[in-house]
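Hi,

Here's the structure I promised to send over.

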Amino acid sequence: MELEDLIKKFKEYSTEDTTKLEYAWQFSLEAHMDQKRASGEIYFIHCAAVAEILVDFKMDLETIAAGLMHDVLEDTTVSHEIFKKEFGSEIYELVVGVTKIETLKFSSRDEAQAENWRKMILATAKDIRVIVIKLADRLHNMRTLNFLTKEKQLEISHETLSLYAPLAQRLGIFHLKSELEDLSFKYLHPDEYQNLLAKVQLRFAKREKLLEEFKQGVEKHLGGTQIPHRVLSRAKNLYSIYRKMLKQNLPFEDIQDALGIRIITDNVINCYALLGTVHSIFKPVIGSFTDYIAVPKMNLYQSLHTSVMAPSGEIIEIQIRTEEMHHTSEYGIAAHWRYKLGESGADHHLDEKLNWLRQWMEWLQDLSSPREFIESFKTDLELDQIFIFTPRGDVKPLPVGSNPLDFAYAIHSDIGDACIGAKVNNKMVKLDCELKSGDICEIITRRNSAPKKDWLGIVKTAGARSHIRKYLREHGELKD
Ligand code: MN
């Protein structure tokens, strides 16, 4: 990709002056001048590729510039001062954010740990654009993984599958989530991947005919009505089929998946017009219609969903939506950065909305019942979370204001009960010292040591408090 192509793509959706973008291109090119990638190409190829992914997401100028320079602070001799002076604090903060995530090395094979890491990344990156850049970076690294050693391939694929693909999913960037999953799948289980790929392609070929019939049916009916539309068939990504096979313990042939079709048009009225057309040609399946246009999902997803019966007896799942809704569904939160604050058509509360949305999606993922939802609403959600590391690199989320004693109890009640001191980042601290996100906290214990009554005045978390009370009560030191 050349600079001219990047600028051209950017101008398709933005009227902003691109001087800064051109400068970022030049700056990154020169900063990485002496570096090469594992493929033997010059390093800057990677930076340009990340920017290209971001411009395809229709991201704002600052994000693309930061994408071009995302490795400058970590891998080159450019100083923070100079970088900030040249590009201003917004782009600087984005690159600092990406660099921060870069330094967190994830190697755990434990699912619960992966969940904490995902939470931590979401919480650490104050600006959601940082995560989008990081995801674009990871996508390009996955696309070029074949140049690395087998060992590295496995390590990076594992990290991608447990950390970055779920993160993309959580942000609603399904497009990216699928590609990250399939690329990881390819390296982690090469035989299963090739096998499944062949079968899916075969099934797909058979379906082309059905899709063609469907298209013709719709075309014929729309005749002179001039409703602009395009029909896309959608395929499930390989890894999700594989997961389904494992989960249900079924061979590929028995995995049911209906032919999925999307019809994209220009405006909402035409979505309903197309729905009417489709229902008049094919018999709708009773109870299959859902209107996510009138009632959007909380993650901003909009579409009309229906299922119809093809003449051959096959069920076809249909989604009807506008181009804009389509973009939102493919790119999730990233889609909403198209509008820069202050530009015409901008939503001044977008930032707030996205923050709210980000939190909301986190809760949705984590909470299983409405009761839990209400309860956490009352307690933890009013507080912000911090993330504290054990010396071994495990992460525990805690409410802001927590101290080493809370942390000790968060690890295990036995650790809490036997706690006699703590080190934070290798320095001895008092038990009531307030922890900050990213602190490494080591709990010092002594066998036969016991909780003290005054701890009740120190701890901030309900869990720690209840353990201490329980202990004191059992040992007759606390009545009630
Ligand atoms: Mn990179």
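Below is what turned up, starting with the overall picture and then going through the details.

A quick word on the ground rules: this is a predicted model, so local features need pLDDT of at least 70 and side-chain atom pairs count only at pLDDT 80 or more, while totals for chains, interfaces and linings use all residues. Residues are numbered from 1 along each chain as its sequence is written, and side-chain values use heavy atoms, with hydrogens and water left out.

Overall, the chain has 19 helices and 11 strands (DSSP runs numbered from the N terminus: H or I of at least four residues for helices, E of at least two for strands). Of its 480 residues, 48% are buried; buried means under 20% relative accessible area, exposed over 50%, and partly exposed in between, using a 1.4 Å probe and protein chains only. Among contacts (heavy atoms within 4.5 Å) between residues at least 6 apart in sequence, 64% join residues at least 24 apart.

Now the metal site. The manganese ion has His46 (NE2), His70 (NE2), Asp71 (OD) and Asp137 (OD) as protein donors, at 2.2 to 2.4 Å. Donors here are N, O and S atoms within 2.8 Å of the metal (3.2 Å for Na, K and Ca), and water is not among the atoms, so the site may look incomplete. Along the chain the donors follow the spacing H-x23-H-D-x65-D. Two of them link distant parts of the chain: His70 sits in the loop between helix H4 (61-68) and helix H5 (72-75), and Asp137 is in helix H8 (residues 128-143), 67 residues apart. Both His70 and Asp137 are buried.

Next, the inside. The largest nonpolar core has 66 residues, and Leu21, Ile64, Leu68, Met69, Phe83 and Leu135 touch the most other members. (Such a core is a set of buried Ala, Val, Leu, Ile, Met, Phe, Trp, Tyr and Cys residues joined through side-chain atoms within 4.5 Å.) Leaving aside neighbours within four places in sequence, Leu21 is in contact with Leu6, Ile7, Phe10, Leu61, Ile64, Ala65 and Leu68. Elsewhere, helix H17 (residues 404-411) is mostly covered, with 6 of its 8 residues buried.

Most residues other than glycine have a negative phi. Asn426, however, has a phi near 75°; this residue lies in the loop between strand E9 (419-424) and strand E10 (427-429) and is exposed, at 66% relative accessible area.

Cheers
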